[in-house]
Amino acid sequence: MTLLDELSGFEFEEVMVEVFRHQSYSDVEQAELIADEGRDVTMVDDRDVAAGEEPTAVVVECKHTDVVSRPVVQKTHSAVHTYDYDGPIRAMIATTGRFTAPAREYAEHVAVDPDDVDFELLDGAALRELSEEIPIDLYNGKIEIVCDEAIAPPTDRETLEGYLEAAAADVHNLDEWTVGATLTAVRFEPVLVAETVVDANFETDVGVIHEVEECERSILDGHAVEPARHSDSVAEFVETAEPSRIALDDHALDGTFDRTDIERFEHDERSYREWLVADLADRHETTVSYTGDNGIEYERTCRPGDADVDVETLDPVYLPHVAVATSLGEYEYELELYAAGGKMLVRDAEFERCVHCEAGRKDAGPGASVDQREARSLTYCANCGAIACPDHTETERLVGEPVCTGCAVTGRFAGATRYFYDVTNRETFADAYAEMPLHRKVRENEALVAVLALVTFLLCVSAIGIL
Ligand SMILES: [Zn+2]
Ligand SMILES: [Zn+2]
């Protein structure tokens, strides 16, 4: 087994020479170490000779790097033109990593030009496939995790701001949405879409006692420390959003997100395959009872073996975990969600919790009644920007709007606590209160009003009694 990761650039070229010699190439030669002019290896394609055509020379540039960008392709392109060969020539770049979109575009552009040379790009994934056809076992952590596709996130800020609007839709007193996103970020989380077939037969002397025949799709979390399946909700989201994909280096992302991060796959493909085979064997393991020819009852554990489980595809892709932040007054609110393929799955919404006690609307639970939900409702405080629960929301006495207990100043009137946006409002109200006739002052205290009503009632009753 050749571990590509551990090779130097020159050793990688040597391996590629071996690979090409196993294919239909002849005169495969590695260039001198110092003479690197964009052609590390030169060779002749024997298929042309076999087809009775003029043999094509192939100029190969080898790049033992994670990413090959456009300048490397350009350099190789000019190296082909300066290569001294009397006959058709084509170009090839082999890498353990991947090509950027501009690099691929450049090579395609050259290849479709009838007056220019053919251009072939061999990335880590292609190299791995190739090594399966020839008796060279190339093994490379980087090759295993090469992935340049993401499930398509939204590529306009309006959509992201729409998510904020939707998340805040149930907050009372926040009807007029005028605040845009202050920060947008996307973190690409690695996932693997696996298609597997389990086909197992368990036989004893009395014949087949148990059969498993099942095709399944599994969504694996590529970032987990140990290989693992994603939760059902995330897996379902990936299943529905997965068909719409975008290149990871798509420039549309730059204009949409202030920040872009890519998480790495924790393991190589081989490890994921091995884990899946073992996991599926676990899931399908069962104990079967059967009666033998001798009439005796037997039990047997039926567990699919490695040969019974086939991982048909293991497709790596990135899942966009989007964060959108906005500020309201003194507060920053962040919304985190998986957003892709026109769908969304909220992971965390700070709009859904009271800033003072963390009590959330969601805490009401799915089976909650209207009253229970209202008890868990949240209200926006225009005075400070807080979103607060009923316990932390009061009515501003002067203007009659909601105010949170975090920012409100209080005053006592007729023995009751009243809440104000600020000291100025309290003073304005205090002046008005001083002018009020007694029966209106009393109304500031509901408990007092109730007591007075009762006293009045009792006085009336006793007055009637006296009469
Ligand atoms: Zn609260
Ligand atoms: Zn407030």
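How are H3 and H4 oriented to each other: roughly parallel or roughly perpendicular?

Guide: The model is a predicted one, and the values below are computed from it. Helix H3 covers residues 70-81 and helix H4 covers residues 101-112; their axes come within 7 Å and cross at roughly 25 degrees. An angle under 35 degrees counts as roughly parallel, and H3 and H4 are therefore roughly parallel to each other. The handedness of their crossing is right-handed. On the H3 side, the contact is made by Arg70, Val72, Val73, Gln74 and His77. H4 contributes Pro102, Ala103, Tyr106, Ala107 and Val110. By class, the residues of this contact comprise 7 nonpolar, 2 polar and 1 charged.

An open sheet is built from 5 strands in the order S2-S3-S4-S6-S8, and its pairing is mixed. The edges are taken by strand S2 (25-30) and strand S8 (118-122); each has a single partner strand, so one side of each is left without a neighbour in the sheet. On average, and with direction ignored, neighbouring strands of this sheet are turned by 20 degrees against each other. Within the sheet, strand S4 (residues 56-63) and strand S6 (residues 89-95) run parallel and are joined by 7 bridges. One of the paired positions is Val58, whose bridge partner in S6 is Arg90. Helix H1 (residues 9-22) packs on the sheet, where it touches S2, strand S3 (41-45), S4 and S6. The direction of H1 makes about 170 degrees with that of S2.

Asp27 lies in strand S2, and its phi is near 50 degrees, a positive value in a residue other than glycine. Asp27 is exposed, with 12 other C-beta atoms within 10 Å; a residue counts as exposed if it has 12 or fewer.

Asn173, although not a glycine, has a positive phi of about 70 degrees. Asn173 belongs to the loop between helix H7 (157-167) and strand S11 (183-204). With 15 other C-beta atoms within 10 Å, Asn173 is partly exposed.

A glycine with a positive phi is found in a hairpin. Strand S19 (residues 331-340) pairs with strand S20 (residues 343-349) in the antiparallel sense, over 6 bridges. Glu336 stands opposite Asp348, a residue of S20. S19 and S20 form a hairpin with 2 residues between them, and Gly341 in the turn has a positive phi of about 55 degrees.

The account ends with a loop residue. Asn383 is found in the loop between strand S21 (379-380) and strand S22 (387-388). Asn383 counts as buried, with 22 C-beta neighbours inside 10 Å, since 20 or more are required for that class. When residues up to four places away in sequence are not counted, Asn383 touches Val403, Cys407 and Tyr421. Between Asn383 and Gly207 there are 176 residues of separation in sequence and, C-alpha to C-alpha, 78 Å in space.

Methods. Residues numbered from 1 in each chain as written. Chains lettered and ligands numbered in written order. Predicted model: local features only at pLDDT ≥ 70, side-chain atom pairs only at ≥ 80, totals over all residues. Axes fitted to C-alpha atoms, helices over the stretch in contact; angles between N-to-C directions. Helix = DSSP H or I, 4+ residues; strand = E, 2+ residues; numbered from the N terminus. Parallel < 35°, antiparallel > 145°, perpendicular 65-115°, else oblique. Left-handed = near helix turned anticlockwise from the far one by under 90°. Contact = placed C-beta atoms within 7 Å. Nonpolar A, V, L, I, M, F, W, Y, C, P; charged D, E, K, R; others polar. Pairing = 2+ DSSP bridges.
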